[in-house]
Amino acid sequence: MTTNTTTSTATPTSQPADGDQPTLEGVPTTPARTTMRVVKRSGEHEQVDVTKIVAAVERCCDGLPEVDPLRVATKTISGLYDGATTAELDKLAIATAAEMTATEPQYSRLAGRLLAGVIDKEVRGQGIGSFSAAVRTGHEQGLIGDETAAFVAEHASRLDDAVYRAQAAHADWRFDYFGLRTVYDRYLLRHPLTRAVVESPQYWLMRVSAGLSHTGEEAVEFFELLSSLAYLPSSPTLFNSGTRHTQMSSCYLIDSPQDDLDSIYERYHQVAKLSKFAGGIGLAFSRIRSRGALIRGTNGHSNGIVPWLRTLDASVAAVNQGGRRKGAACIYLEPWHPDVEEFLELRDNTGEDARRTHNLNLAHWIPDEFMRRVEADGQWSLIDPDAVPELPDLWGPAFDAAYRAAEERGDVVRTVSARYLYGRMMRTLAQTGQGWMTFKDASNRACNQTSDDQTPRVAADGTVQPAPVVHLSNLCTEIIEVTSNDETAVCNLGSVNLAAHLQWSDGTTGVRPTDPAARATGIDTDRLRSTVRLAVTYLDRVIDINYYPSEQAAASNPRWRPIGLGSMGLQDVFFALRMPFDAPEAKELSTRIAEEIQLSALERSAELAEQFGAHPAFAETRAARGQLQHDLQGVEPTQTERWAAVRQRIADHGLRNSLMIAIAPTATIASIAGCYECIEPQVSNLFKRETLSGEFMQVNTALVGELKSLGLWTEAVREKLKADNGSVAGIADLPEETRRLFRTAWELPQKALIEMAAARQAYVDQSQSLNLFMESPNIGKLSSMYLYAWKAGLKTTYYLRSRPATRIQQATVAGVRAGASWGAATGAPGASQPTAPGSPGVVGGLTASEPVRTFTDEEALACSLENPEACEACE
């Protein structure tokens, strides 16, 4: 899976006149070869001509030497019926090409190009022939905001010319089918009544750019970056920039409601308003008293947090982000809360449904004290927040002291084994993938917005307020920002497509070289720097233009001005440079990329501060005291001169943004750009992907090229890939180097993913959406893995990804022990493994007859924590 053109690709020889895209109409008629007829858009009937269809397909085949237009045409006709419309013929041709992707990835690009032609025809069919005309139509229909409409009218000639140049160079051909289909189904503005799209993909990208620009020149510069797919903002910006409702922020972090009715229902209202405009929600809930706690006003007893979360669960399902995608929220709870065990059961598929929340995501906000007691096999006290209300606002030594003091006073509901509770957390992760492990102290210790001095402050109104503290992360665990009862943290996201910054031996930069024989030589750091600077400029711009659905969000974002610049396509880079994901040089490259991105972001933010002023809370930050993220992590950077210069500039002028780097999951925008998600390894070399846009085949284009070069891209190999869940481990003729390069996430040592993330963290001032992968998780493996993540200094982790039971059952007998600990590379899940010569029947280090010891969850947990590197229960 890669993007489908380089930004330096030459203009195709067959240009559409006046920006037209190729469709199945407009090709010279040849003698009919069938009696079947189609109905044209004019209502006329015309006999189907395979030669005409071949010619239309050929117009879209520039640079696709493996595509057979005749094969597409004949398969299209075979699915046609007499009297079908030409629009149906277009759709059938697209579907035909898309279905052929599994055997040849270039058909995905062909399908995308055919779809681009259909979209173009749909837009032009409404009399819309330019970008400015699309904006006028959208404004008339109440879709485009007044300011953007006026801006486009003022700069119409310049903007139209830029879009025309992009269309003339077939910029839409940069999308593969899956990416463009997603754009068509979810992002392009539609007429309120006819539901026809009123903007093409390039009009859409220019609308996004125009909505964030002050001058025509700015709009063109940003549009050209977006059109190249080298950088994309996150979905809310792509949805709403330039529209009447400019809610462009991705993430909202809401502090726990106070323990009273008004505060709880205010939070419900705030969540609903934020979710309506496509915001992902994180909500802490640790201040609400536990089940059985005394309610002094009524002399009754509390029902605890579960009924309140049930109500929130229904609200999140009802407010589905404006009808564009499902509403989403994550609840954060600290493990000292007495309802923590009921919290762990909220996503269970068994038990009393009245105590389940099937729409909410769950995460633990874990202090170091808990992990230390797990490691020491100590006891853990559950404390009601009504008795010790200050605990949510403390971290590090201050939390430790307050927590131990509460224990000494006897302010404890009950005491449990720390390992018992940790084991419950691991079991929930194994069963549901939920109950994400996020670390309170690491997040606060290395957050630019916090301070080691946690002395309460006296506010302007005379009230005493806690020091700024991070109470939670967001829906996807990459945002680390302070919150309070009066401030809801906000973040605007965007991601750099690293694959578009590959440098090639023929001197080009982009996803692929001009010369097919060229090899990748590294990352074009000059272009990366330029991309980051532009991205920071427009992420910062969102803060001023943005619509804030709640007053708490409007209070927080202009004060702290955080942004979240991430990256995607790291796996594409490793494939191009032939680096196995767990190779030392891969970790080093990942770290250097992270350093370049953060350094360039800081340089630009300092420039913006010099130009427009530092963010209002700058004096409260660690940066104001000379501490940057790598200082907080105890890491020495490599670009010492640039770091010294930016440090001085920050001292002189401050920073425009308190936080700048956050690596989000990028599931949708990576699909649009045609690259692998964020910083993750590939999940499979061959699989179908389901989204709101439908089900589409994804094929690892890099692997196909490798297999073709070895003469192994055959039907037998394709069937083997399907049978082995997209793993190449069972392809006997494949060189070991190739096997290592194309391993999937299930075959990689998870320790390598954690160590790469930990190394990168020194240059990530927020956090990372770090998924971990384990086909058949057990308590022992998980406990040692998450203990290692905590010790490595990670701020957060995200989903635990595991395989469905039906796939797990395909494994060989080695599945009893899985062949290795979580920290070692394994064979493919469900893949047949080549055995060593002279060792028949040996699988994963065991013979089929060798007895295997079984372990209870408690034994596995203890062994994994006490012997993390050599635990038999973890193997």
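Modeller: Happy to! In this predicted model, helix α22 (residues 584-612) and helix α29 (residues 750-761) have axes that come within 8 Å and cross at roughly 30 degrees. That angle makes α22 roughly parallel to α29 (under 35 degrees is roughly parallel, over 145 roughly antiparallel, 65 to 115 roughly perpendicular, and the rest oblique). The axes are lines fitted to C-alpha atoms, for helices over the stretch in contact, with angles from 0 to 180 degrees between N-to-C directions. Helices (H or I, at least four residues) and strands (E, at least two) are DSSP runs numbered from the N terminus.

On the α22 side, Ala586, Lys587, Ser590, Thr591 and Ala594 meet Glu755, Met756, Ala759 and Arg760 of α29, where contact means heavy atoms within 4.5 Å. These residues divide into four nonpolar, two polar and three charged (Ala, Val, Leu, Ile, Met, Phe, Trp, Tyr, Cys and Pro are nonpolar; Asp, Glu, Lys and Arg are charged; the others, Gly among them, are polar).

Residues are numbered from 1 along each chain as its sequence is written, and side-chain values use heavy atoms, without hydrogens or water. Local features need pLDDT of at least 70 and side-chain atom pairs pLDDT 80 or more, while totals for chains, interfaces and linings use all residues.

Now for a second pair. Helix α3 (residues 86-99) packs against helix α4 (residues 106-124) at about 160 degrees, their axes 8 Å apart. That makes α3 roughly antiparallel to α4, and their crossing is left-handed.

Next, a loop. Valine 728 sits between α27 (715-723) and α28 (736-741). With a relative accessible area of 1%, valine 728 is buried (under 20% is buried, over 50% exposed, and in between partly exposed, for a 1.4 Å probe and protein chains only). Leaving aside residues up to four places away in sequence, valine 728 touches Asn685, Leu703, Leu721, Leu734, Arg739 and Phe742. Its C-alpha atom is 8.8 Å from that of threonine 744, 16 residues away along the chain.

Aspartate 161 lies in helix α7 (residues 156-168). At 41% relative accessibility, aspartate 161 counts as partly exposed. The C-alpha atoms of aspartate 161 and phenylalanine 131 are 9.1 Å apart, with 30 residues separating the two along the chain.

As for cysteines, the structure holds zero disulfides (a disulfide is a pair of cysteine sulfur atoms within 2.5 Å). Cysteine 330 is in no disulfide, and the nearest cysteine sulfur, belonging to cysteine 476, lies 8.8 Å away. Cysteine 330 counts as buried at 0% relative accessibility, and cysteine 447 is buried at 0% too.

Stepping back, the protein has 32 helices and 25 strands. Of its 875 residues, 61% are buried. Among contacts between residues at least 6 apart in sequence, 75% join residues at least 24 apart.

Methods
A crossing is left-handed if the near helix is turned anticlockwise from the far one by less than a right angle, and right-handed if clockwise.
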